[in-house]
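Thanks for coming, everyone. Please look at the structure on the screen while I talk.

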Amino acid sequence: MGILSAPAGVDKREYWGFSLYDWANSGYVTTVGTVLFAPYLTSVAETAACGYSGTTDRPCHTNLDVLGLGISPGSLAFYVVTIATLFSAFFLPIVGAIADRLERKKLLMCGFAWAGALAASCMVFVEGGNWQLGALLLFIGNLCLGSSLVVYDSILIDIAPPDARDDVSSRAWAFGYLGGFILLAVNLGVVTAHEALGLSQGTAVRLSLLSAGLWWGAFTFVPFIRLRNRPPTNVVQVREGNIIRQSFGQLAATLTHIRAYPVTLLFLVAYLFFNDGIQTVISVSSTYGEKQLGFETQVLIMTILLVQFIAFFGALAFGRFARRFGTQRTIMGGLVVWMLIVIAGFLLPAGQILPFLAMGAAIGIVLGGTQALSRSAFSQLIPKGREAEYFSLYQAGERGTSWLGTLVFGLVHQITGSYRPAIVALGIFFLIGLILLSRVNMRQGITEAGNTQPTLV
């Protein structure tokens, strides 16, 4: 069964439409969220606070004054992600509730995608000490990404039967890493050769941010054309009224009755912890490499390219492992590897590229697989008719929108003045997630949700 062919029971046209939205949004996730924007926004904030961009030899220790609070420029990007995710906790469930009541799900998904792509494109205007515009655009981009993914993830249930979901989810993640790799490779060339192109490094970075927005917006037309709309199958009865009022009513009903699905709830809590750890490692990796280990932007981009390349194969491999060992066991094995990665990150010597690349390779192996299998495993535990709404709760801890991890990372850095204790502190998220996930009885949860049992869980 090749990656280019649709799994049994999945329409080929919709398989490609679904898979290529991961390809589309990975331009933003990789170029903006993972590599370039956090260290660039940090430099812009340092320029506003200190009059220069900090380096390992000449760090910036002056705080920004934000509403009377002293905010470290090095923590700003992580606080913005934290605030965006806290807002998402209230906003995304409403998006999910609306999606479950709409026949045109794909239009809602693509609308949020195009709004996020516009925000990413506007990052080209962030320069000098204008950190406020950068913070606002990062907030909008992350919120729109999370909102589009709420609807996108719920479509997995529409297009794939239970036994095909691990394959479809894993392959879509693999396509995402391939797309992110291609765009990032182009941006590496632009940033590396900026002098030959007659550009400053800052201008090269800003043009790369623009390319991510254009990539996201353009490739979103593929799922818009190929995915089919389906009538809602919502089984929750709420008061009459407009769609917003009905959506609030559906959300209230779900929160009231979620106690009837204790396994689903336990999986969500486990996912919240370990995915916070994953997302935080991803979002802080470039800042850690530049500000703590002293690497240039070109080294960071090459490392993320390595991660993307290996993650393409890692996502496919995890799909195969799940077919042999079961989805739950495969995810748990990945979490053990994640704990070893953050310990290794704490011990990395500054300025030595090979150990940094080795850690990047390890991240690539487990990155896509743990996330793809988590999505397909959770899809088995959702009561029919509440797909988008439940995935909105799931998305509160999804990529680029984790809040507790970035908050802990930012606070530990602000307290200690170093990113090393901040990176190792993230290990607690993987440990708690692993313990909770080990207590999830998938068979029981699938039965409670009224879904068909897959051959292997």
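Just after helix α10, Gly-326 has a positive phi of about 100°. Helices here are DSSP runs of H or I with at least four residues, strands are runs of E with at least two, and both are numbered from the N terminus. Before I go on, this is a predicted model: local features need pLDDT of at least 70, side-chain atom pairs count only at pLDDT 80 or more, and totals for chains, interfaces and linings use all residues. Residues are numbered from 1 along each chain as its sequence is written, and side-chain values use heavy atoms, with hydrogens and water left out.

Back to α10. This helix covers residues 297–325, 29 residues in total. At 1.5 Å a residue it should span 42 Å, and its end C-alpha atoms are 39 Å apart, which agrees. The expected span is 1.5 Å times one less than the number of residues. Where does α10 bend? At Ala-311, by about 30°. That bend is the angle between axes fitted to the seven residues ending there and the seven starting there.

Now compare helix α5, residues 165–192. It has 28 residues and reaches 40 Å from first C-alpha to last, close to the 40 Å expected at 1.5 Å a residue. Of those 28 residues, 20 are buried, so α5 is largely enclosed by the rest of the structure. Buried means under 20% relative accessible area, exposed means over 50%, and partly exposed lies in between, with a 1.4 Å probe and protein chains only.

Another phi value. Leu-67 has a positive phi near 55°, and it is not a glycine. Most residues other than glycine have a negative phi. Leu-67 sits in the loop between β1 and β2 (69–71). At 86% relative accessibility, Leu-67 is exposed.

Next, helix packing. Two packed helices are described by the angle between their axes and the distance between the axes. Take α2, residues 76–101, and α4, residues 131–159: their axes come within 8 Å and cross at roughly 35°. Axes are lines fitted to C-alpha atoms, for helices over the stretch in contact, and angles run from 0 to 180 degrees between N-to-C directions. Which hand does the crossing of α2 and α4 have? It is right-handed. A crossing is right-handed if the near helix is turned clockwise from the far one by less than a right angle, left-handed if anticlockwise. The contact of α2 with α4 has 18 nonpolar residues, five polar and no charged ones. Nonpolar covers Ala, Val, Leu, Ile, Met, Phe, Trp, Tyr, Cys and Pro; charged covers Asp, Glu, Lys and Arg; the others, Gly among them, are polar.

On to the cysteines. How many disulfides does a search of the whole structure find? One. A disulfide is a pair of cysteine sulfur atoms within 2.5 Å. Cys-50 and Cys-60 form it, with their sulfur atoms 1.9 Å apart. The torsion about their S-S bond is about 75°, so the disulfide is right-handed. Cys-50 lies in helix α1 (residues 12–50), and Cys-60 in the loop between α1 and β1 (64–66), ten residues apart. Cys-60 is buried, at 10% relative accessible area.

Cys-110 is in no disulfide; the nearest cysteine sulfur, in Cys-144, is 13 Å away. Cys-110 is buried too, at 0%. The sulfur of Cys-122 is 12 Å from its closest cysteine sulfur, again in Cys-144, too far for a bond. Cys-122 is partly exposed, at 25%.

Thr-203 is in helix α6 (residues 201–219) and is partly exposed, at 23%. Thr-203 and Phe-125 are 78 residues apart in sequence and 9.7 Å apart in space, C-alpha to C-alpha. Thr-455 lies in the segment after α17 (442–449). Thr-455 is exposed, at 63%. From Thr-455 to Arg-323 is 132 residues in sequence but 9.2 Å in space, C-alpha to C-alpha. Finally, Pro-262 is in helix α9 (residues 262–292) and is partly exposed, at 42%.
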